[in-house]
Amino acid sequence: MNIRTKLTVIFFALVIIVVSVISLSIYYFSSEYRQKDFYRRLKNRAINTAKLLTRFEEVNASLLQRMERENPANLPKQHVAIFNEANQVLYRSEREYAVPVDTLLLARVRMEDEVYYHYNDFEVLGFVFKDNENQFIIIAAASDINGRDALDNLRDILLGIFAISVIIVSLLGWVFAGKVLSPISRIVNEVDSITAANLELRLDEGNRKDELSKLAQTFNKMLSRLQRAFFAQENFIANASHEIKTPITVITGEIEVALLQRRTVDYYINLLKSALVGVKRMNKLSTQLLLLAQTSADSSEKKFSQIRIDDILWSVKDELSKAHTGYTIDIEFDMAISDRTLSTIGDAELLKVVMLNLMENGCKYSDDNKVSVVLASGENEITIRFVNKGIGISHDDVDKIFEPFYRGGHSKKVKGFGIGLPLARRIMELHNGKILVSSVPNDVTTFTMVLPFQEII
Ligand code: ADP
């Protein structure tokens, strides 16, 4: 069942239940009122008759019979019978009484004071009537032809209203459900027309207040995120291919030129040295790209073990100093640091990549190729700050340097790919840690690794 049909059925059921309850209540209370009113009128008529018989000596049964027969206030098919305490009939409005009366009925009336019941189409009322010291039983019966007609008429009207309501409510329900759902159908059509080729399209957000408008706004926000992700992906591939293609083109060109004629040994040595630089560059790039891909994939494959932060730091310093003899790396330990705070769990190889990158950047981007590394422990984490003085990072660049292949505007003269920081951030995330940056252009830049204390249980 589609939503439109469902809404129509629910709307229909609700309205029909309400109409039915109202109609049944009207019918029930009208019927109750008719009956009460009829018994009240019947009792009044019977009391009048009894008073005439018992209070006026000149009125005997046969006179009363004649008087009553002509009475215009009589109810339809009205019968009245009056009995004395010995159950003898004192008066009977008709010779043939329409309702059977026996001693059992009279005894019941005496006991209950008032008895009501139906007999064929008669409504019968038996009650005790006291006049001075005498007590009489009156059995009165009549047929409420008019009342019943009115009630039947009311029933027909209510059934007619019910039938018309069914038709109107079904039609209105269907139209109403269509109207409520039309914005959803519009959204479905609009979403249907959005593909990877036109991700810039946005849904109509309408009045920006109701739920559907909020849905459209949320969808638009998601589209914006998707568009940015697509753009970043496209850029990533374009940048990666460019970075790989450049050294290949250079090496190919150099080899082709070299092969045009015979060269000296020195020429070939220089050619090989230049090719080696290009190959090393490609090797570094592919290693970083591979690591980025691995760390971005499912983190359930983490190979964590208990590690010592200071051990990794010293080995990174050794490695970097050997590769770049001109670099100066100072390592300081905060007074509060202890053996316990230096050990955590993680992947030593990955953390080494982060530290190597931050240490190398510190030297690369400083005026004196010098970086200071300060280890400190907080309440729940260990922090490693890499501080250097140099060109710094502009305000605009601070957020972007963590995007793959983004390189600060000032760093074009320094070699690099723009992969180190995104990779470092990803590795820190895998360790439930983070990486923070603060920089004053042309002054001090500080990168901080924050690692939570963790122990293998
Ligand atoms: P790369 O150093 O290869 O360009 P990174 O991802 O390591 O790539 O760094 C991205 C950018 O961040 C750099 O291009 C540079 O602009 C900026 N950056 C990183 N570290 C520093 C630093 N210590 N001082 C100034 N700028 C820095």
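**Exercise 1.** Find out which kind of ligand atom is 3.1 Å from an N or O atom in the side chain of Asn388.

*Solution.* Start at Asn388: the ligand atom 3.1 Å from an N or O atom of this side chain is a nitrogen. That makes a polar contact, a pair of N or O atoms within 3.5 Å. The side chain of Asn361 has an N or O atom 2.8 Å from a ligand oxygen, and a polar side-chain atom of Tyr365 is 2.7 Å from a ligand oxygen. Finally, check the cover: of the 530 Å² of accessible area (Shrake-Rupley method, 1.4 Å probe) that the ligand has on its own, the protein covers 98%.

A word about the model: it is predicted, local features need pLDDT of at least 70, side-chain atom pairs need 80 or more, and totals for chains, interfaces and linings use all residues. Residues are numbered from 1 along each chain as its sequence is written, and side-chain values use heavy atoms, without hydrogens and water.

**Exercise 2.** Work out how confident the predictor is in the protein, using pLDDT (its confidence in each residue, from 0 to 100).

*Solution.* First take the whole protein: the average is 90, and 98% of the residues score at least 70. Then compare elements, which are DSSP runs: helices (H or I) of at least four residues and strands (E) of at least two, numbered from the N terminus. Helix α8 (residues 339–342) has the lowest mean, 80, and strand β11 (residues 434–439) the highest, 96.

Terms used:
Polar contact = N/O pair within 3.5 Å; in protein donor to acceptor, adjacent residues only side chain to side chain.
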